[in-house]
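Good morning, and thank you for coming. Please look at the structure on the screen while I go through some of its helices and side chains.

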Amino acid sequence: MRPTKSNLVNAKAEDLWQTAVDIIRRSPEPMAALEFETAAGLVLTMLDLPSDEQSIAIAYFAAVEGENLEWFLDRLHFQKSKCP
C-alpha cells in the first residue's frame, strides 16, 4: 500500500510533536521556549490549524503532560469549542 500525503503529513506532525515534548522536558535550556513555539507552530501549520497564542498555550500544557499528538488535537478542539 502506497502512503498517502495525509498519512505522511500526520507521521511528520507526530514526529514534530514528540520534538516539542522533548523540548519542554529540557525547558531550562536557553532558547527552549522559542524552539518549542517553533515546533508547535510547525505542527499546527502542517495540520492546517491556527497557530495563535491560545493554540500555542494549549500545546504547551499538552506537552508538559507528555501526551501524544492525538490527545493534544482533541484537547485543542475541546478548548477552542469552549472559548471561541
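Let me begin with a term: contact means heavy atoms within 4.5 Å. What we see is a predicted model, in which local features need pLDDT of at least 70 and side-chain atom pairs count only at pLDDT 80 or more, while totals for chains, interfaces and linings use all residues. Residues are numbered from 1 along each chain as its sequence is written, and side-chain values use heavy atoms, leaving out hydrogens and water.

Which residues does Ile58 touch, leaving aside those up to four places away in sequence? They are Phe72, Arg75, Leu76 and Gln79. The C-alpha atom of Ile58 is also separated by 9.5 Å from that of Lys80, 22 residues apart along the chain. Ile58 lies in helix H3; helices here are DSSP runs (H or I, at least four residues), numbered from the N terminus.

Is Ile58 buried or exposed? Buried means under 20% relative accessible area, exposed over 50%, and partly exposed in between, with a 1.4 Å probe and protein chains only. Ile58 has 7% relative accessibility, so it counts as buried. Val64, which lies in H3 (residues 53-64), has a relative accessible area of 47% and is therefore partly exposed.

Now to helix H2, residues 32-46. The expected span is 1.5 Å times one less than the number of residues. For the 15 residues of H2 this gives 21 Å, and the end C-alpha atoms are 21 Å apart, which agrees. Among the buried residues of H2 are Phe36, Ala40 and Leu44. After H2 comes Asp48, with a positive phi near 55°.

How values were computed: Helices (H or I, at least four residues) and strands (E, at least two) are DSSP runs, numbered from the N terminus.
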